[in-house]
Amino acid sequence: MKNIDNIDLNGISLKAEDLYVVSDFDSTITNGDSYGSLDVITYSKLLGEKYSERHQYIVTEYAEKAKKSSNITLKKDLWFTHLYEYIKLLKDYNLTEELLENIIKNSNIKFRKGFDKFISYLHSKKIPLIIISSGLGNSIELFLKMNDMYYDNIYIVSNFVDFDSDGKIVNIPKNIVTPVIKNEAFIDRNLNSIIKKRNNKLIFGDIPDDICMSKINEHHNTLSIAFDNQKYDNSLFDQFDVLTDNSNIFDLLEKSINEAI
């Protein structure tokens, strides 16, 4: 665990007008015990036994193999197929917009300690927050709206589905955001024009592959922070600047931003 009593800013400025934040969602903005924005649907068990059987097959055939593979090309292909088939499964087993809303409303998804306050702080300082997630963007958006925190400085880059007038899924995303592909390819032109004017960024993640998000506008100065959910060996986070168990990280960041005025 790296000491965060005094954050080494690596020479970056935390002036609000020159800063933006890029963050994963599952187990990063949410706490480590929360279900993921996709898995929360499966854990609800509301799509039936056959759905659960098919889901387990997809996990075994693709996700588990992806986690074990050291071949980056194969790893990318496996994650893509896993998520494509997972989202297709939601469509095939008639996940509706209303059902998704009920699942999120009654789920165990909670903010990581202090992150809700930090989100409000970013909004007050007009600092863009880009959420990049390989989960389901619709779940993320619903969670933020239900907590009155879907602010105008928040941009969600994730896997979204569209619902028709009957509330049924009508599409499967073509460009799938996966755990190993979280980069500038998914940032649209309008968002790029916003962050292009800002030279410093904070990165938040909870898995080693989340460091891939730092490749967004690589020329910008970066402070990367990983949350330790005790699922990986600490040595795997060596590319991050800070590895934390949460402690007082958000208080320290707010203080640093305030002092950078």
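The structure is a predicted model, in which local features need pLDDT of at least 70 and side-chain atom pairs count only at pLDDT 80 or more, while totals for chains, interfaces and linings use all residues. Residues are numbered from 1 along each chain as its sequence is written, and side-chain values use heavy atoms, with hydrogens and water left out. Six strands form an open sheet with parallel pairing, in the order β3-β2-β1-β4-β5-β6. Helices (H or I, at least four residues) and strands (E, at least two) are DSSP runs, numbered from the N terminus.

**The sheet**

- Strands β3 (154-159) and β6 stand at the edges with a single partner strand each, so one side of each lacks a neighbour in the sheet.
- From one strand to the next, the twist averages 20 degrees.
- Two strands count as paired if DSSP finds at least two bridges between them.
- β2 (residues 129-136) pairs with β3 in the parallel sense over 5 bridges, and I132 has V157 in β3 as its bridge partner.
- β1 and β4 run parallel and are joined by 5 bridges, with Y20 opposite K201 in β4.
- β4 and β5 also run parallel, joined by 6 bridges, and L202 stands opposite L223 in β5.

**Burial of β4**

- In β4, 6 of its 6 residues are buried, where buried means under 20% relative accessible area, exposed over 50% and partly exposed in between, with a 1.4 Å probe and protein chains only.
- N200, L202 and F204 point one way from β4, and K201, I203 and G205 point the other way; all are buried.

- Helix α8 (residues 249-259) has I249, F250, L252, L253, E254, S256 and I257 as its buried residues.
- These buried residues of α8 pack against β1 (19-23), α5 (115-124), β4 (200-205), β5 (221-227) and β6 (242-244).

**Helix pair α2 and α3**

- Helix α2 (residues 49-68) packs with helix α3 (residues 72-92) at an angle of about 165 degrees, their axes lying 8 Å apart.
- α2 and α3 are therefore roughly antiparallel; angles under 35 degrees count as roughly parallel, over 145 as roughly antiparallel, 65 to 115 as roughly perpendicular and the rest as oblique.
- The α2 and α3 crossing is left-handed, a term for a near helix turned anticlockwise from the far one by less than a right angle, with right-handed used if clockwise.
- Among the contact residues are Y51, I58 and Y62 of α2 and L78, W79 and Y86 of α3.
- By class, the contact of α2 with α3 has 11 nonpolar, 3 polar and 6 charged residues; Ala, Val, Leu, Ile, Met, Phe, Trp, Tyr, Cys and Pro count as nonpolar, Asp, Glu, Lys and Arg as charged, and the others, Gly among them, as polar.

**Helix pair α4 and α6**

- Helix α4 (residues 97-105) and helix α6 (residues 137-146) pack at about 55 degrees, with axes 10 Å apart, which makes α4 oblique to α6.
- The crossing of α4 and α6 is right-handed.
- L100, E101, I104 and K105 of α4 meet N138, S139, L142, F143 and M146 of α6.
- The contact of α4 with α6 divides into 5 nonpolar, 2 polar and 2 charged residues.

Note on methods:
Axes fitted to C-alpha atoms, helices over the stretch in contact; angles between N-to-C directions. Contact = heavy atoms within 4.5 Å.
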